[in-house]
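Subject: Structure handover

Hello,

Here is the structure for your files. Please open it before reading on.

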There are 2 protein chains.
Amino acid sequence: METSQIIQCVPNFSEGRDQVKIEKIIENFRNKQGVKLLDYSSDEDHNRLVVTLVGEPIKVKEAVVAAVGTAIELIDLNVHEGQHPRMGAVDVIPFIPLKGMTVEDAVSLSKEAAKEIYEKFDMPSFLYEKSASATHRENLASLRKGQFEKMAEKVKSEEFKPDFGSDIHPTAGIVAIGARMPLVAFNVNLDTNNFEIADKIAKNVRHLSGGLRYVKAIGISMEDRNMTQVSMNLTDYTKTPLYRAFELIRIEAKRYGVNVVGSEVIGLVPMDALIQTAEYYLGIEAFSSNQVLEKRLME
Amino acid sequence: METSQIIQCVPNFSEGRDQVKIEKIIENFRNKQGVKLLDYSSDEDHNRLVVTLVGEPIKVKEAVVAAVGTAIELIDLNVHEGQHPRMGAVDVIPFIPLKGMTVEDAVSLSKEAAKEIYEKFDMPSFLYEKSASATHRENLASLRKGQFEKMAEKVKSEEFKPDFGSDIHPTAGIVAIGARMPLVAFNVNLDTNNFEIADKIAKNVRHLSGGLRYVKAIGISMEDRNMTQVSMNLTDYTKTPLYRAFELIRIEAKRYGVNVVGSEVIGLVPMDALIQTAEYYLGIEAFSSNQVLEKRLME
C-alpha cells in the first residue's frame, strides 16, 4: 500500500448468525480501490460481526458509510438477541490513525462519517473516545448502557443527546463513532499464583481506580503456569508508554514481595511503542523515528 | 521499493577531486532500474568518493561492477595522493543485507561480484568481513596495511594471497569485497569530563581488548557539554545487541564512580535492534517482529 495516509477502521455490526446478511455487509469492503479488508469474524452467541479494514481515509470512510446503509436495510434491533451489549444495527465505528495522520485527522474523518450516516440514512450517532463532545461521553460502555431497548428514552436526556440526530432510528438504533489510538494489548507476568495480588496490582495501575491515564487492567490467573498476570489495554501508548506501565507494576508488586517475571504483547503493536521503550531504557537523546531503517525503506 | 530483497552497497572509490571523473563513476548508478542512489560524497583531502546504494541484489551488483570498470579506466593509483589509506582504484565494496536476505546471501553476492570484477577487468580482490576466507583477513585495516605502494609485495605472502587473482592490477591495485551487517553507531554518555575514564571503559567493552565480540569503541571528550562518551560501532547488532553494550558500560563505569547519563544513535538503525531492546527490558516472551504494525503495512 503506497499511500501517505493509512487509517484502520473496525466497524461492529449486530449480525453474527445469518451468513447471507453478513456477506451482503462484507460485500461493501471487497474489491474497493484504496480499501483492504484485513479480517472479519462473526460470532453466533454474540450475534455480532467485527470487521477490520485499512486503507486511504476517504475510501475507508466511503466503504463504511455504504456498509452502514446495507446494515440498516438488513438488521432490525427490535428482534435482535445476543450476549454482547449493543445499541445499533451498526453498533460502533472506531477510526484508528495508523500512518501519516494525527488523531485529530481521524477525529475529523469520524465526524464526516457520522454526518453522512445521519444525512443519508437518518441514523443518529454519539461521537465517542477522542471525538467525544464531553468527557462523560468518551467511554463506549457508558454510552451503550441500557442498550437498544432503553436508548429511545436515554437520548432524551441532555447528558446523552446524540451528536447527530435527536431520536433513535426505529429499527437501527444509534451508533457510536469516533477516533481512537491503536490499542496495545500488553500483559505483565507475576511470580505469584495469588490472584488477589494480581487483581490488586491491576487496580493500582489502571486509570479507573487511580492509576495511569491510558491503562485498562485486570488481574488474571494463569493456572497452567502457576502464576498470575496483569492484563492491560494501553489505550494511548503515545501518552502512557509501555515502560511506564511495566515499571509501575514492578513497583506495586514489590510491596507484596512479588516480582515481575516477563511480559507479552498480544497482536499488533505500533513500531513507535517499541522505539519509546528503547529510548527510555537506553536514555537515547534526540532520536527520530526517521532513523529507523525500515521507515526509510518504506519511502 | 516493492521488492522482496533489498541490499545496500557502499563502494569507496579513490577519486575525490576531479568532478568530471566522479560524475563518470556516479553515472553508473543513475537511472538504473532496481537501483537507488541514496547518497554520494567526495572529499578532497581524503581524495575519496563514498557512494551509498540500495536496491535489488543482482541489479546493485551489476551497477557496482560497471562502476568498477569506469574507475579502473580513470584512476591510476601510482599518482594518487590523499589522507585516507587506500589500496585500490575502487578500494572497498561492502554489501549489507537490509531486507529479505541473510548475511549468507550477501556473502554469495559479494563473491559473485569479486569473480566478475576479476574476470572482466583483471582486478584482484580480498574477500573481507563475513566473506573472508580466514579470520586474519576479516579486518579491512589489516588487509589494507601498507597501502597500494606495498601491496605488490604483500600479495606474494601466503597470508595475504588475493582470493581472486594473484598479482595486483598495475594501476588499480586491489579491492576488498565482502558482506557485513549494517553498523549501528551507538554512543553512551558519561557524567565525567575525565577522558581517561571514558577511554578505559571503551577499552573494557570493545572486542579488540577483551570486551564484546561485535563492539568497536573509543573514548571521546565532549568539551562543550563537560562530559565524555564511549563512542561505539556495533558491527553485528543481532549478536551483540545495544542493551548488552549499554549495560556493560554501566557496570564498568560503576568502578570509577561514574554514571551513564544518556546515549545517542547516529544515523540509521534497523528496527530489529530497537525491538531487541524493548524485548530485553520488558522481558517480552515470544515476540515476533511480524507483530509490528508497520511491518504488516509494508506487506
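My notes on it follow below.

This is a predicted model, in which local features need pLDDT of at least 70, side-chain atom pairs count only at pLDDT 80 or more, and totals for chains, interfaces and linings use all residues. Residues are numbered from 1 along each chain as its sequence is written, and chains are lettered from A and ligands numbered from 1 in the order in which they are written.

Domains. The assignment for chain A gives domain 1 (6-179) and domain 2 (184-293); such bounds come from an automatic or database domain assignment. The C-alpha centres of these two domains of chain A lie 30 Å apart.

Helix pair. Helix 2 (residues 57-74) and helix 3 (residues 103-121) of chain A have axes that come within 10 Å and cross at roughly 35 degrees. Helices (H or I, at least four residues) and strands (E, at least two) are DSSP runs, numbered from the N terminus. Axes are lines fitted to C-alpha atoms, for helices over the stretch in contact, with angles from 0 to 180 degrees between N-to-C directions. The crossing of helix 2 with helix 3 in chain A is right-handed, meaning the near helix is turned clockwise from the far one by less than a right angle.

Helix 2 of chain A brings residues including V64(A), V68(A) and I72(A) to this contact, and helix 3 of chain A brings residues including L109(A), A113(A) and I117(A). Contact requires C-beta atoms, placed from the backbone, within 7 Å. By class, the contact between these helices of chain A has nine nonpolar, one polar and four charged residues. Nonpolar covers Ala, Val, Leu, Ile, Met, Phe, Trp, Tyr, Cys and Pro; charged covers Asp, Glu, Lys and Arg; the others, Gly among them, are polar.

Buried residues in helix 2 of chain A include V64(A), V68(A) and I72(A). Buried means 20 or more other C-beta atoms within 10 Å of the residue's own.

R137(A). This residue sits in the loop between strand 6 (125-129) and helix 4 (140-144) of chain A. R137(A) is buried, because 21 other C-beta atoms lie within 10 Å. Beyond its neighbours within four places in sequence, R137(A) contacts F126(A), Y128(A), A132(A) and L143(A).

Interface. Here 35 residues of chain B are in contact with 34 residues of chain A. Helix 8 of chain B gives the largest share of chain B's side, seven residues. That side of chain B divides into 24 nonpolar, six polar and five charged residues.

Best wishes

Note on methods
Two residues are in contact if their C-beta atoms, placed from the backbone, lie within 7 Å. A residue is buried if 20 or more other C-beta atoms lie within 10 Å of its own, exposed if 12 or fewer, and partly exposed in between; C-beta atoms are placed from the backbone.
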